[in-house]
Amino acid sequence: MSIQVPPRPLELAVQSLLRDQALAISALEELPRELYLPLFMEAFSRRHFQTLTVMVQAWPFTCLPLGSLMKTLHLETLKALLEGLHMLLTQKVHPRRWKLQVLDLQDVDENFWATWCGSRALSCSPEAMSKRQTAEDCPRMGEHQPLKVFIDICLKEIPQDECLRYLFQWVYQRRGLVHLCCGSLVSYLTPITYLRKSLKIIYLNSIQELEIFNMSWAHLIRKLHCYLKEMKNLRKLVFSRCHRYTSDNDLEECLVAKISSVFLRLEHLQLLKMNMITFFSGYLEQLIRCLQMPLENLELTCGYLLEEDLKCLYQYPSLGYLKHLNLSFVLLFRISLEPLGSLLEKVAASLETLIFEGCQIHYSQLSAILPGLSRCSQLTTFYFGRNCMSMDALKDLLRHTSGLSKLSLETYPAPEESLNSLVHVDWEIFTPLRAELMCTLREVRQPKRIFIGPTPCPSCGSSPSEELELHLCC
């Protein structure tokens, strides 16, 4: 038999106030802080729009974190909240208790609403605020500092979410009074029009992570160059599945010059990912030398690089402290990998992730990178699958990993001796060869999670991304 827990006095007080909306509104100025959050939550869940409109005008905390409620945010509820803020922003004298500086619509991990833990939950510590803004990012304007609205945006389809569209319109109409600060902006839209409209509204210095998918390089650079150069606080920049639709060399040089001028301004960039990099082949040095700060993460994937591109990778200080290097599915067949080996030696003390998956590296090229690889003592992840390796070359490679004691995940291709005429694995031949490779590896160190052969494994279905305590796939 279940026992019903009677409502707490705090809950009873909140319910009593909301039964008389006029009383609740008139009591806000003197309402104890302990009652404010429960009352707001109750008004929010029951859609007491008039109460919400008045509550934000007397909000006694510096931050209103709506991010964890965004999944249930109703358009009419958002309108009520923004209406209250509009009435407040247009007043020359603010209410005595009002302290609101930040409307936070980000999906934060902390649950501010489930448990009342005192006013500190909503005070937005200086450390937390500094992660979102700087004095330069959100300068004072006139007598009052603009209200900061923080949100992470993902543009996937048109029309967009009606709440997001209404928010954009509301901010646009109150430029100068409100700064829309976007920590992370992701766009999957092929038409560039809506993305440009969004960038006109967002305070560009606030963007720390920008990811753009499914667009041609020429279109992207020409249409977005003027916005990109204002994003001086970018930490992460991703161009993925961006295709090359031009063979005009003069146009390519012009576009590379434009994106290089953007890189010159990125003083905080830590992660750079360019997918479908055919467009930049032959121009990589021009881009790399423009990077202002040492990168932690460099991903150049799905395309091809020239030998002259590889040479520039170890020449510039910006790549001297890499933690993650990903060249997956970049064709490196029949070019010298000595520059790549020099880069590995340069970053040996810091490199943690190295991905050469599907680069079509031939075993005759392997000797150029082995000395550098053997010195990467901090390496935890090494993907080398889908390359052309003989049995002897794979044994040599495994022996050169003897000093990599921190390796926790590694992948290697099936030896070419086990491939049939269709370049598929002949499992009768492959199984004993794989056992022999594991024996060779165990002579120099004990592996943790290793995949040899095709992934995902046809026999068990496992893949390197799965969380397995130990998987030898043999």
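1. Let me start at Arg375, which counts as partly exposed at 46% relative accessibility (buried is under 20% relative accessible area, exposed is over 50% and partly exposed lies in between, using a 1.4 Å probe and protein chains only). Its side chain meets that of Glu345 in a salt bridge, 3.7 Å from N to O (the criterion is a Lys or Arg side-chain nitrogen within 4 Å of an Asp or Glu carboxyl oxygen). This pair links distant parts of the chain, 30 residues apart: Glu345 sits in helix H13 (residues 338–346), and Arg375 in the loop between helix H14 (370–374) and strand S15 (381–383). Glu345 is partly exposed too, with a relative accessible area of 42%.

2. A word on what we're looking at: this is a predicted model, where local features need pLDDT of at least 70 and side-chain atom pairs count only at pLDDT 80 or more, while totals for chains, interfaces and linings use all residues. Residues are numbered from 1 along each chain as its sequence is written, and side-chain values use heavy atoms, with hydrogens and water left out.

3. Now the overall picture. The protein has 16 helices and 17 strands (DSSP runs numbered from the N terminus: helices are H or I of at least four residues, strands are E of at least two). Of its 474 residues, 52% are buried. Among contacts with a separation of 6 or more, 80% are between residues 24 or more positions apart (a contact means heavy atoms within 4.5 Å).

4. On to the sheet with 11 strands. It is open, with parallel pairing, and runs S4-S6-S7-S8-S9-S10-S12-S14-S15-S16-S17 (two strands pair if DSSP finds at least two bridges between them). Strand S4 (153–155) and strand S17 (450–452) are the edges; each has a single partner strand, so one side of each lacks a neighbour in the sheet. Neighbouring strands here are turned by 5° against each other on average, direction ignored (axes are lines fitted to C-alpha atoms, for helices over the stretch in contact, with angles from 0 to 180 degrees between N-to-C directions).

5. The S9/S10 pair deserves a look. Strand S9 (residues 271–275) runs parallel to strand S10 (residues 297–301), joined by 5 bridges; Leu272 has Leu298 as its bridge partner in S10. A salt bridge joins Lys273 and Glu299, whose closest N and O atoms are 3.8 Å apart. That pair again links distant parts of the chain, Lys273 being in strand S9 and Glu299 in strand S10, 26 residues apart. Lys273 is partly exposed at 23%, whereas Glu299 is buried at 15%.

6. While you're in strand S10, check Asn297. It is buried, at 11% relative accessibility. Leaving out residues up to four places away in sequence, Asn297 touches Gln270, Leu271, Leu272, Leu322 and His324.

7. How many salt bridges turn up in the whole structure? The search finds 8. One of them joins the side chains of Glu211 and Lys236, at 3.2 Å from N to O. Glu211 is in strand S7 (residues 209–213) and Lys236 in strand S8 (residues 236–240), so the pair ties together parts 25 residues apart in sequence. Glu211 is buried at 15% relative accessibility, and Lys236 is partly exposed at 23%.

8. There is also an open sheet of 4 strands, in the order S1-S2-S3-S5 and with parallel pairing. Strand S1 (63–65) and strand S5 (178–181) are its edges, each pairing on one side only. The twist averages 15° from one strand to the next. S1 pairs with strand S2 (residues 102–104) in the parallel sense over 3 bridges, and Leu64 stands opposite Leu103 in S2.

9. Tyr172, in helix H7 (residues 162–172), is partly exposed at 41%; Tyr172 and Ile202 are 30 residues apart in sequence and 9.1 Å apart in space, C-alpha to C-alpha. As for disulfides, the count is 0 (the rule asks for a pair of cysteine sulfur atoms within 2.5 Å). Among the cysteines, Cys312 is buried at 1%, while Cys439 is partly exposed at 44%.
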